[in-house]
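The structure is shown first, and the description follows.

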Amino acid sequence: MRVDVVSIFPDYLAPLELSLIGKARQDGLLELNVHDLRDFTSDRHRTVDDTPYGGGAGMVMKPEPWAQALAAVAADRPSGAAKPVLIVPSPAGERFSQAAAQELAGEERLVFACGRYEGIDERVMEWAAEHFTVRPMSLGDYVLNGGEVAVLAMVEAIGRLLPGVVGNPESLVEESHSDGLLEYPVYTKPSSWRDREVPAVLLSGNHGKIAQWRRHEQYRRTDERRPDLLEHFDAAKLPRADRTAFADLGYDIVDGHLKRRADSGGDSA
Ligand code: SAM
């Protein structure tokens, strides 16, 4: 996969030289180029922002440096290749998720446009649609100072799904959000630590029981921390023991979907 990032703070992306993503770059699994938006300005002060039409607080990123930068990135592709995906980090974008990371990991080229100030002149997104598949994407329902932190998170989430980046691909399968649930709690040695014991089942060597305990812990934790995720969980083919686990948590299974019982009061204890 090739990734291009355009930013007025290229140094912000330096952590992508470290750890698994840095190694993926060294191993040729991921090509990552960072471009300084100011290199695409034409005035002495390398200006990238101006006051907003209609008034109001803050500054808006000027369209022309963005068009120059993105045109340069778009031009650098073999003829006949598919349009790259242009991800525009924005709190007003579609929510980035594990499913989105999975989908984007299948793309050959991703380009990220890091906004600052009040964001990028909207016409850039309209213009860019001629050269890219444009996707404004939000990391979550809060406001950051710029797109760079969002890009760090997205590139890490996408990059670790590329074949060969994570040593044991099985570890990707069991993680939170990979199956619509949160992951079960994990423990390591020593089995007894500061008067706290590892759950006995994990020391039992009984792989069937361990797998069941882990599934039930996923249900319990997801119900406790993110019950919204259970609304979309497919409960149609659950084994009997798992149905019982959900019944104990206060759920009925109706047409394959989990429905919290009115009398359960949200108390999963
Ligand atoms: N005025 C914008 C709004 O209310 O939608 C917020 C601008 S924010 C201060 C500056 C930049 O930070 C945005 O252009 C975007 O690149 C980035 N940003 C802020 N919050 C973000 C979020 N939740 N997800 C992704 N990017 C975000």
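## The largest pocket

In this predicted model, 25 residues line the largest pocket, and those nearest its centre are Pro-89, Ser-90, Pro-91, Glu-118 and Gly-119. A pocket here is an open set of points on a 1 Å grid over the protein atoms alone, where a 1.4 Å probe fits and protein lies on both sides within 12 Å along at least five of seven lines; a lining residue has an atom within 4 Å of a point. Two elements, E5 and E7, each give two or more residues to this lining, and E5 gives the most, with five. Strands are DSSP runs of at least two residues (E) and helices of at least four (H or I), numbered from the N terminus.

The volume of the largest pocket is about 480 Å³, taken as the space filled by probe spheres set on grid points that are joined across faces, edges and corners. Its lining comprises 14 nonpolar, eight polar and three charged residues. In these classes, Asp, Glu, Lys and Arg are charged; Ala, Val, Leu, Ile, Met, Phe, Trp, Tyr, Cys and Pro are nonpolar; the others, Gly among them, are polar.

## The ligand and its surroundings

The ligand sits in the largest pocket, meaning that more than half of its atoms lie within 2 Å of the grid points of that pocket. Strand E5 (85-95) and strand E7 (133-138) each give two or more residues to the shell around the ligand, with E5 giving the most, three residues. The shell has 18 residues, of which Pro-89, Leu-139, Gly-140, Tyr-142 and Leu-144 come nearest; a residue belongs here if one of its heavy atoms lies within 4 Å of the ligand. By class, nine are nonpolar, eight polar and one charged.

Polar contacts are pairs of N or O atoms within 3.5 Å. A backbone N or O atom of Tyr-142 is 2.8 Å from a ligand nitrogen, and one of Leu-144 is 2.9 Å from a ligand nitrogen. Glu-118 takes part through an N or O atom of its side chain, 3.1 Å from a nitrogen of the ligand. Of the 580 Å² of accessible area that the ligand has on its own, the protein covers 82% (Shrake-Rupley method, 1.4 Å probe).

## The second largest pocket

The second largest pocket has a volume of about 370 Å³. Its lining has 14 residues, with Phe-96, Ser-97, Gln-98, Ala-99 and His-177 closest to the centre. Helix H3 (residues 98-104) supplies the largest share, four residues.

## Basis of the values

Residues are numbered from 1 along each chain as its sequence is written, and side-chain values use heavy atoms, without hydrogens or water. Local features need pLDDT of at least 70 and side-chain atom pairs count only at pLDDT 80 or more, whereas totals for chains, interfaces and linings use all residues.

Notes: A polar contact is a pair of N or O atoms within 3.5 Å; within protein, one must be able to donate a hydrogen and the other to accept it, and residues adjacent in sequence count only if both atoms are side-chain atoms.
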